[in-house]
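Please read it alongside the model shown here.

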Amino acid sequence: MGLFITQIKAVWQRENQLILASKWQLSLVTWLPLACMLLVYAIFSQGIPRDLAVAVVDQDHSRLSRSLVRYIDANPALAVTAQVTNLAEGKALMQRGEVYAVVHIPRDFEKQTYLAMTPEVSTFYNAQYVLIGKLVSSNMAKTFATFIAQIDAVKTLASGGHLALLKGAVAPISTQVNPLYNVSTNYVPFLVTAAVPALWQIFVLVSVLLAFGLEYKNNTQANWFQRADGAVVSAVIGKLLPYTLLSVVHGLLFLSFFYGYLSMPMHGNWGFLLLILLMAVLAGQAIALFIFTLTMNLTQAISMGAAYSAPAFAFIGVTFPAESMPQLAQIWRSLLPITHYMQLQIGQVNYGQNFMTLLPQLTSLGLFTLTFVVAVARLKRHRDSALLTDRTLLTDKKAIAAGDDDA
Amino acid sequence: MHKFLALVVFELKSIFADRSILLTMFGGIIMYSILYPLPYSQQVSRDAEIVVVDYDRSSMSRELIRMVNATPDTHISGQVDSIYDAEELIVQGEIKGFLIIPEHFRRDLLMKKPVTLSLGGDASYFMTYSTIASGILQAGGTLSAQIKVARLTVDKESILLAKQQWQPASLNLQPVFNQENGYLDYVVPAVFILILQQTLLIVSGILSGSQNERSRAQEQGYWLTAPPTLLLLARCCVFLSLYLVFSLYYFGFALDMYGVNRLAAAWDIVKLLVPFLLAVVCLGVALGQLYNQAETATQVILFSSMSVLFSSGFIWPVSEIPTWLVTVSQLFPSTAAIQGLLQLNQMGADFEMVSHFQTQLLIQCVGYALLAIILLAYKQRKYSIKAC
């Protein structure tokens with residue numbers, strides 16, 4: 001056991017020196033991941049979109065139609081930025097990306113409303129940008145509902161309705177919608193807290209791929225194994241350890257940025273979160289090492305790691321629900337550590353899940369570490385076969401030398 | 001001319017001799033074209049699981065439950081006795097929301113008192129949340145309308161009139177360019193453009209990076225002896241032809257296979273695509289001179305992908321992105337290409353409407369080409385002197 005620890009310590013020291021000697025590797029395990037994460041946060045930092053541009057085609061020009069336009073503009077999420085004379089102009093504005101929706105108020109809108117002829121206001125919204133389009137359409141629906149409720153109330157009162165019964169007459173059933181765990185439907189707690197871990201996983205993977213790949217690229221693996229007295233397991237552990245610690249620190253930093261600095265609500269337990277981070281890092285490192293042993297070539301391994309981790313965000317199931325994904329996507333997402341991590345993070349932060357509820361996903365993360373065994377075995381086999389060829393080369397040389405002597 | 005052709009041959013040989021480049025280019029292009037669209041093959045999310053807390057247990061509340069279940073958006077997986085139980089089910093991950101029908105729901109409606117339904121939706125998942133909200137608002141709205149029609153009919157009016165008059169004006173919300181709000185149509189066309197840019201930046205980066213490695217090992221390769229302008233021209237030619245083939249696969253075959261809108265004429269797409277690809281190659285060559293190692297290229301591009309995608313304006317409104325980031329994002333060819341090609345191909349804009357994107361891409365071409373030539377010349381001088 002003591003020997004095991006000395007071996008690990010020797011490799012750990014060697015690794016730290018290697019990191020400090022390489023500017024790129026040092027950036028990769030220190031400021032670079034944090035800078036990339038902050039960049040993603042900066043893009044979405046507004047949180048709740050405001051003043052999304054809407055064009056209006058008002059063919060009525062009445063008091064009531066102008067009032068509707070004011071209602072739309074008063075909605076904080078919407079802003080009437082253009083008044084155009086026909087729908088074709090509105091469509092062109094939408095195609096140019098200058099407005100996200102066109103509202104059409106028909107001729108005789110006011111007259112028909114008061115004659116109870118139920119005129120129809122049309123809103124064409126750009127659904128190519130689904131996320132923005134949904135925001136525009138739901139806010140438009142909300143604004144319009146308030147607008148007609150007001151007209152309705154005036155009409156009911158005018159036709160002799162009772163003030164006390166007014167609300168029940170205008171809207172018999174109203175629905176109060178409560179967004180749980182993200183009260184203001186802000187995009188930072190929703191999207192950024194999922195995108196940042198996906199980015200984090202990329203760094204977890206790449207730092208390992210780079211560390212191991214550089215040994216083989218620079219042909220220094222003999223020296224590396226030598227530090228661990230030839231014990232592959234200690235060599236791997238000692239080499240991984242600095243990255244494990246630094247990746248967990250990065251995890252803690254982004255979590256404390258969200259739930260400390262930005263003071264977003266956190267209902268979970270920081271101890272559990274630390275455990276989740278650690279398990280996610282180990283799972284990611286195990287996969288990374290496995291990917292590396294598939295090629296034993298640095299640049300190719302990074303390309304494969306990129307293919308594995310870059311699309312991961314789409315599979316997490318935060319933007320598009322996992323339940324609606326096809327079977328193949330379900331399988332692929334379960335093979336990504338970050339999927340399990342994300343469910344655990346949401347479980348802790350939003351729901352404050354207890355340990356027993358965490359257990360299934362934690363076990364899944366644990367299963368990933370089994371690939372360590374495969375990876376270590378492959379590293380060992382690769383080393384042994386290399387040694388064998390070295391030895392045969394050596395004996396060949398000796399034989400040749402001996403032959404020369406004979407001559 | 002002969003010299004140029006020789007350079008093209010050299011470039012082709014270097015590309016096809018490097019397994020990392022082949023893996024990223026052919027493997028990546030095909031792999032990403034399958035992987036990125038995979039989660040979205042059903043286009044929309046339906047049947048979000050919810051439970052009902054029914055405090056009324058009347059004929060009217062059962063009618064509402066039936067209506068909620070009938071919408072494609074929600075699926076009621078059961079009834080529970082309290083909000084506490086419902087929240088517990090959310091924590092367990094079994095449901096994504098719950099509907100509360102208040103006590104005296106039926107009685108209040110008959111007495112013309114207003115009633116309020118309560119809906120709790122797990123906003124950790126926005127899309128599911130909005131699906132649930134739309135399903136229940138729709139069901140509640142329909143029942144509300146039925147009640148109003150029934151009342152009007154009782155009061156005095158004919159049922160036909162009542163059906164028209166239950167509200168003073170109606171709103172018709174019409175999604176355009178992507179009629180079913182499909183996620184595949186939303187994500188795929190834009191991501192494809194990003195994939196083309198990122199893989200191209202990676203492969204040209206690996207090419208330059210490994211040539212830099214060899215230069216440092218005192219190797220006087222063709223990349224150090226050829227005139228920089230000619231070298232850039234040869235590289236542009238090679239990558240442009242390769243990537244035009246990949247673009248054909250993406251914009252022709254793949255978009256068609258996924259059933260995504262393709263409204264633009266092929267020639268209009270080419271008019272944006274060629275400046276885009278050329279700008280990317282030139283940027284790639286310029287960036288490539290900065291990599292000391294071949295593997296740095298993949299990493300730099302990989303780490304920046306998410307920010308480049310999110311700042312390109314199709315996920316998050318440009319007006320909401322900090323100004324300095326918008327300025328930075330204009331430097332990537334993908335930003336103009338995504339916006340231009342989406343408007344052209346998905347929204348059916350005329351080419352005149354997007355011609356300013358073409359101008360922007362052409363300016364990038366010239367700028368990055370100059371930068372690439374300067375950096376190539378600098379590298380050549382640096383390593384030739386050493387060799388002397």
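1. In this predicted model, 113 residues of chain A are in contact with 108 residues of chain B, contact meaning heavy atoms within 4.5 Å. Local features need pLDDT of at least 70 and side-chain atom pairs count only at pLDDT 80 or more, whereas totals for chains, interfaces and linings use all residues. Residues are numbered from 1 along each chain as its sequence is written, chains are lettered from A in the order in which they are written, and side-chain values use heavy atoms, without hydrogens and water.

2. About 9,800 Å² is buried between chain A and chain B, 65% of it on carbon and sulfur atoms. Buried area is the accessible area (1.4 Å probe) that two parts lose on being put together, summed over both.

3. Between chain A and chain B there are 3 salt bridges (a side-chain nitrogen of Lys or Arg within 4 Å of a carboxyl oxygen of Asp or Glu). Lys148(B) and Asp152(A) form a salt bridge through their side chains, at 2.6 Å from N to O. On the side of chain A that touches chain B, 72 residues are nonpolar, 31 polar and 10 charged; Ala, Val, Leu, Ile, Met, Phe, Trp, Tyr, Cys and Pro count as nonpolar, Asp, Glu, Lys and Arg as charged, and the others, Gly among them, as polar.

4. Over all chains the structure holds 0 disulfides (a disulfide being a pair of cysteine sulfur atoms within 2.5 Å). For Cys236(B), which is in no disulfide, the nearest cysteine sulfur is that of Cys282(B), 3.9 Å away. That separation is too far for a bond.
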